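Here is a quick tour for anyone opening this structure for the first time. Have a look at the sequence and the 3D view, then read on.

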Amino acid sequence: MSLDSYEKFRDSLSKRNREILEKIYSEKFEEHKNRIEEGFDSNQMHNKLVNFCINCFQTDSFLYNKTGYEFVFVDPLYQTGPKNFDIAIFKIKNKGLLLVECKSRISDYDEIIDDVQETISDTIKNVYMLENYFGPLSFINYVLCVDAVDAQKVVEKIYERNVPICTWGCSFFQKRLRLFKSEKESHIQSIESGRMHGDESLRRILYEGHESARGTESTIPIFPSSHMLTILNHTNMTLIESSILRGIPLDSFDFVRLNEIMEREMLFTTFNAKKVEELTQKMIETALKKQIYEDKEKDIIDIMKKSLRFSIPGRKPSTIIKNIHKSYIELNAMNRAKSDALEEIKNVLGITTLDRFFKVKPEF
Amino acid sequence: MKLSLKILPKKYALEEFINTILLLKLPPYSRIKILCYFTQYENWIDGNPNLIELLKKNGVMIEDFGEIKKLTAFYVDSRTQEKVEIVFYTRLNPDAKILYCITIASMTGINYTLDRIARNSRGFYFLPIGVYTFNLITNFLLQSDKNTKCTYFSATHSPWSTIEGEVRSRIDRTTIYYGFDGFQSLEELKSFYGVLPKTIRYDVPDYGIFEIKNSGCFTLMGEKIEVESRRMLLKLSEIAIKDVLVKKEVIDAADFSIIPIETESRIIRIPKSTPWIYKFSKELKDEYLDLLINGLIEDEFTLFNYTTFEGGSFILSGMVYDEIKNNIFTIHVDNSKIIVAPSKTPQFDSFLRFYETLEYFDPEGVVQAMD
């Protein structure tokens, strides 16, 4: 929907109907704002859970030293499609790969298992891409990492549905990572069914429960699959940091600068240069749409050649970060609320189409 | 206007310089001060910018006096609008990377010149003297002369400190105290109002009067026997440096590197981060999480992409932007500690500044390396 069709429509209404529309709009606005905030918050929690696992398996960590498994990539197959594991953990010695999917919140166990199953079948199709990095793999263990509170239920469900997924339960507060086993099958059966790790040292340590010396600190602050607001926050804070460091004024920056930052942030992914550029481009487009950036040269169409600046107020990082958040959430919520309000007013006014209110048909 | 410490211009070896300072006749009404700054520099010429360039960029002139360098800085006195010239004789300790400065400049002058560089420039920071270090100095002086008295102190309380005091702990307050019972009063005011020292003045009958600021400034306020008093001033700064260095070394061990590993088909780069830890003196109750966040904001550490988990205990996890030192790093905070990890090559001055905030939040906490 174009933004001004809402205003045009509103202005065409009687005073009473206009008030109704505005009331619907403000309710919808709050609703959407909360929903977008929740989406961002849940991405933050997911990010911390992923980083907790990364930190457990960082090279030179206790787990690495005891088992040889080390963290290598986030979003290892992101380029192949939306279904994609969060982390790849590799052991050079036996060429075994762990692909870990982290779920910070569970509403429906079946849905999550369906989801991981789909991800597994997509992965199987693209194993060759992983082997480009690791060479021929001797095995892959698929892992679902959930809150330890849910882990036993998840593992029983996985057993019931007979899928080859290992279940890790993570207790943030105890900083513990534990491998769960279904009570309905033996150790040997679990290993054979792909629900426990075949690697003895890994299985033993994780089954007993590993208490990490590390926490949820963000070793990898952003991933390709991160919420766009998470990416915007991090990239722009890094832009400010590097601008001040290099003594470059902040009133003009461009694709090249932002892409340089993105390249560094995407070091631990399987993204090639082109993919990084695409992500940078997507971020700039979002920033322009959400009025975080201002286009200094509107006549230049190519985003890669545009000169940009912040259109949100403030110069201090604390102000800028607050305004990126505000701008992103509010513009999103505003657009969605307008579109919803127009839909809903039709019921109130007892009409099926808003056509007669417009000389030109509005775009939905 | 000029009120500068003058020594014969020549090449000094360190010992000769110290002897010169110990015996030097000061201009009337002037007080000798030692300032200590941590730097990222092992020498004057390496780095981009190097130490010479950094100082020059900030308007400081440098003359070579052998192992010593004479720094001349200027500021405009806000009252008289006069340009004031101040002089520091400095030595860079290559092992500890400490810039050691001797001057008779006023606090205002120092504030406008070297302290300003320490506040705002990369790779340059104060020697932070916290409660623990103050206690070490106090104990040392009492041992050297049991009649040592604290005759003046200034102390502050922040609403977000875990040292709460007995009354109205969420009030910001500063106390300035004069009296011969300073040691007792500081303890009483700490327990009643939760204040922590920023400046302490010690009257040591056998040696003189010494004033120490939390920014690493040591002033000899009154001399008894010149040489002995000045020697004591040097000794006090050494005690402080030695203590803070232990913590700084742990912080300096923090690192972020990118490591290549070789698989059968190619070389993959993986991250390796080494954090430092601030272990709280006790398990913190949930309500302290908000206080800590307030403290970070007040000290201009901006949190972003962060989240909190609560329920019986708490976790705060995310990114931090140090607005003063312009540096991004990541933290994990729970009830017992805070893990601080660099997300690229670490910047010691930003970490020291963060440590100062944490020390103020929980003065009895300790800096630890990763297990």
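## Before we start

Two strands count as paired if DSSP finds at least two bridges between them. Helices (H or I, at least four residues) and strands (E, at least two) are DSSP runs, numbered from the N terminus.

This is a predicted model, in which local features need pLDDT of at least 70 and side-chain atom pairs count only at pLDDT 80 or more, while totals for chains, interfaces and linings use all residues. Residues are numbered from 1 along each chain as its sequence is written, and chains are lettered from A and ligands numbered from 1 in the order in which they are written.

Let's begin with three strands of chain A that make an open, antiparallel sheet in the order 8-10-9. Strand 8 (253-254) and strand 9 (293-295) of chain A each have a single partner strand, so they sit at the edges with one side lacking a neighbour in the sheet.

Strand 8 of chain A pairs with strand 10 (residues 307-310) of chain A over two bridges, in the antiparallel sense. Asp254(A) has Ser307(A) in strand 10 of chain A as its bridge partner.

## The seven-stranded sheet

Chain A also has an open sheet of seven strands, in the order 1-2-3-4-5-6-7 and with mixed pairing. Its edge strands are strand 1 and strand 7 (210-211) of chain A, each pairing on one side only. As a bit of background, strands of a sheet pair through backbone hydrogen bonds, either parallel or antiparallel.

Within this sheet, strand 5 (residues 166-171) and strand 6 (residues 176-180) of chain A are antiparallel partners joined over five bridges. Cys170(A) stands opposite Leu177(A) of strand 6 of chain A. The loop between strand 5 and strand 6 of chain A holds Lys175(A), which has a positive phi of about 55 degrees although it is not a glycine. Helix 6 (residues 148-160) of chain A lies across strand 4 (139-147), strand 5 and strand 6 of chain A, and runs at about 170 degrees to strand 5 of chain A. For such angles, axes are lines fitted to C-alpha atoms (for helices over the stretch in contact), and the values run from 0 to 180 degrees between N-to-C directions.

## Helices that cross

How do helix 2 and helix 12 of chain A meet? Their axes come within 7 Å and cross at roughly 135 degrees. Angles under 35 degrees count as roughly parallel, over 145 as roughly antiparallel, 65 to 115 as roughly perpendicular and the rest as oblique. Helix 2 and helix 12 of chain A are therefore oblique to each other. The residues of their contact divide into 14 nonpolar, three polar and eight charged. In that count, Ala, Val, Leu, Ile, Met, Phe, Trp, Tyr, Cys and Pro are nonpolar, Asp, Glu, Lys and Arg are charged, and the others, Gly among them, are polar.

Now for helix 9 and helix 11 (residues 273-289) of chain A: their axes come within 10 Å and cross at roughly 95 degrees. These two helices are therefore roughly perpendicular to each other. Helix 9 of chain A brings Met228(A), Ile231(A), Leu232(A) and Thr235(A) to the contact, and helix 11 of chain A brings Met283(A), Thr286(A) and Ala287(A). Five of the residues are nonpolar, two are polar and none is charged. Residues are in contact here if their C-beta atoms, placed from the backbone, lie within 7 Å.

## Domains

Domain bounds come from an automatic or database domain assignment. For chain A this gives domain 1 (1-45 + 219-364) and domain 2 (59-211), with C-alpha centres 35 Å apart. Eleven residues from domain 1 of chain A and ten residues from domain 2 of chain A take part in the contact.

Chain B is split into domain 1 (14-126), domain 2 (131-251) and domain 3 (253-369). The C-alpha centres of domain 2 and domain 3 of chain B lie 28 Å apart, and their contact takes 13 residues from domain 2 and 20 residues from domain 3. On the domain 2 side, helix 7 of chain B gives the largest share, five residues.

## Where the chains meet

Which element of chain A gives the largest share of the side that touches chain B? The contact takes 40 residues from chain A and 39 residues from chain B, and helix 9 of chain A gives the largest share of the chain A side, eight residues. The chain A side divides into 18 nonpolar, 14 polar and eight charged residues.

Notes
Contact = placed C-beta atoms within 7 Å.
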